[in-house]
Amino acid sequence: MASLSVFLLTSCVIDTFTLTRIIFTVMQCGFACLEAGAVRSKNTTNIIMKNIMDIFISSLAYWLFGFALAYGDGNTVFGYTHWAGVGIDYGKMANWFFQCIFAATAATIVSGAVAERCNYIAYIVYSFVISGKSRIPSGDPLDMDRTRMAPQTGLRGLLRLRTRPSLGASAHSTALSSSVLDWGDLATSTPTLRRTTLLGIQFREVIINTVLGGSGGSIVMLGLCKLGLCGQAAWSFSFTLNAALAGMVSVCAGADVMAMWASFLSGAIAALIYLGLHHVMLRMKIDDPLDAVAVHFGAGLWGLISASLFGNGGVVYGASYESGQLLWHRIVGASVIILWGSVASCIMFGALKGFGVLRVTEEQELKGLDIAMHNEPGYPLKGWYVPPQFTLYPDPILVKTEHETLAKPELEPFIKPEVEADAPPMPEDEDENKPENEASARPKSMGEVSTR
């Protein structure tokens, strides 16, 4: 009876663990909206298609060799069993799904960092490679998994790409992404329960700590922006959104071992780190459309350190040999991840650039990747046609046919002020037959037409 109860309890935990991964996949929608809001409208289809294909390309790579390299039987560096899923125990399927989704997220973040400039064939290659090699054994794999440091791979790609000629953004798409990403971040931290308890007692604590991390980052950044420390004094939306994401990322490594005050403080410090890296990237003239390096790499690296400082038994609760060892091991683990990702990324992106398939041509970039690569514009031009039964201008000369696009006329229609609208009509000029000057040649407004 006891063994049956343990089996049922374990099954429930695995099902809950899998459910959080399913919720985590919703973050793909958030990343799609975020990236679509950060690029120009002529590249919307291109960036959305990349986010859709991330899951499928990453699943293929992780099935063929990703899980085998990271968790197959082997030495301390590589595994060499379970190729193409052969011989995987049924009990490991939940962990396979968990790691696969994280691998797909790593590829997604990189796609945002190199948006609008990367060739689609290069995207397929780097997504396949990153998903397969993104997991390496470490001293504490759970903490390493929960720190999203993959954008340091994207940084290598950014160093090999020039900046974009112009920038563009859609605030409403970015705003939608913030809500979806915040929800997905809650699912990011809940798998920590796999290590702490089978009863899910700390589930609420993990959720609260993740939210407080975002609160610390967003509130601190909101104040800095209004004080003018981030440029012109204003309630900046983009800075606040990225700081909130950075705060939630910083809590992922220690959401189950940190007090609520520590989570808020960790998020607040993450906002400062994000802001510093943001300006460093600008000084280095590296074009990161989504601030992916500053948000995920900077805050993720800080998350490892903050978990060692503010977590239960951490340095702030009393310096000891155990707390020092924990901090040192995590620093070494982060260094191994950075070294591994840097070497592999330099080889991969260098090879793509050498073969001439890394960046799109200047002609394709100016034309827009939606048309140049997909022949499917995100915002079709037909949506800008003026229906024939409507007109924006009373003058027949300015009326556009159904085959013409809505363009700005050379002379803007003059709108009579409200104060003059009720005034009596002016007397006719005696020299009415004189040639009209430039002022009288403008199109008449509806108010003027009705008055005459």
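Modeller: UniProt positions are given here in the numbering of this model, feature names are shortened, and annotations may be inferred rather than shown by experiment. The model is predicted: local features need pLDDT of at least 70, side-chain atom pairs count only at pLDDT 80 or more, and totals for chains, interfaces and linings use all residues. Residues are numbered from 1 along each chain as its sequence is written, and side-chain values use heavy atoms, with hydrogens and water left out.

Colleague: Which residues does the UniProt annotation "transmembrane region" cover?

Modeller: The unreviewed entry gives residues 6-34, 55-72, 96-115, 233-251, 257-277, 289-311 and 331-352. Helices (H or I, at least four residues) and strands (E, at least two) are DSSP runs, numbered from the N terminus. Residues 331-352 are 100% helix and 0% strand, with end C-alpha atoms 31 Å apart. Residues 55-72 are 94% helix and 0% strand, and their end C-alpha atoms lie 22 Å apart.

Colleague: How many aromatic pairs does a search of the whole structure find?

Modeller: A pair of aromatic rings is described by the distance of the centres and the angle of the planes. Rings of Phe, Tyr and Trp (its six-membered ring) pair if their centres lie within 6.5 Å; planes under 30 degrees apart count as stacked, over 60 as edge-to-face and the rest as tilted. The search finds 11 such pairs. For Y120 and Y123 the centres are 5.1 Å apart and the planes are at 50°, so this pair is tilted. Both residues belong to helix α5 (residues 120-133), 3 residues apart, which separates them by about one helical turn. Y120 and Y123 are both buried (under 20% relative accessible area; exposed is over 50%, partly exposed in between; 1.4 Å probe, protein chains only).

Colleague: How many disulfides does the structure hold?

Modeller: A disulfide is a covalent bond between the sulfur atoms of two cysteines. The criterion is a pair of cysteine sulfur atoms within 2.5 Å, and the structure holds 0 disulfides. The closest cysteine sulfur to that of C230 is in C225, at 3.8 Å, too far for a bond. C230 is buried, at 12% relative accessible area. For C33 the closest cysteine sulfur, in C29, is 7.0 Å away, again too far for a bond.

Colleague: What is the phi of E116, and where is E116 found?

Modeller: Most residues other than glycine have a negative phi. E116 has a positive phi near 75° and is found in the loop between α4 (93-113) and α5. E116 is buried, with a relative accessible area of 2%.

Colleague: Is N375 buried or exposed?

Modeller: N375 is exposed, with a relative accessible area of 60%. N375 lies in the loop between α16 (369-374) and α17 (418-421), and its phi is positive, about 55°, although it is not a glycine.
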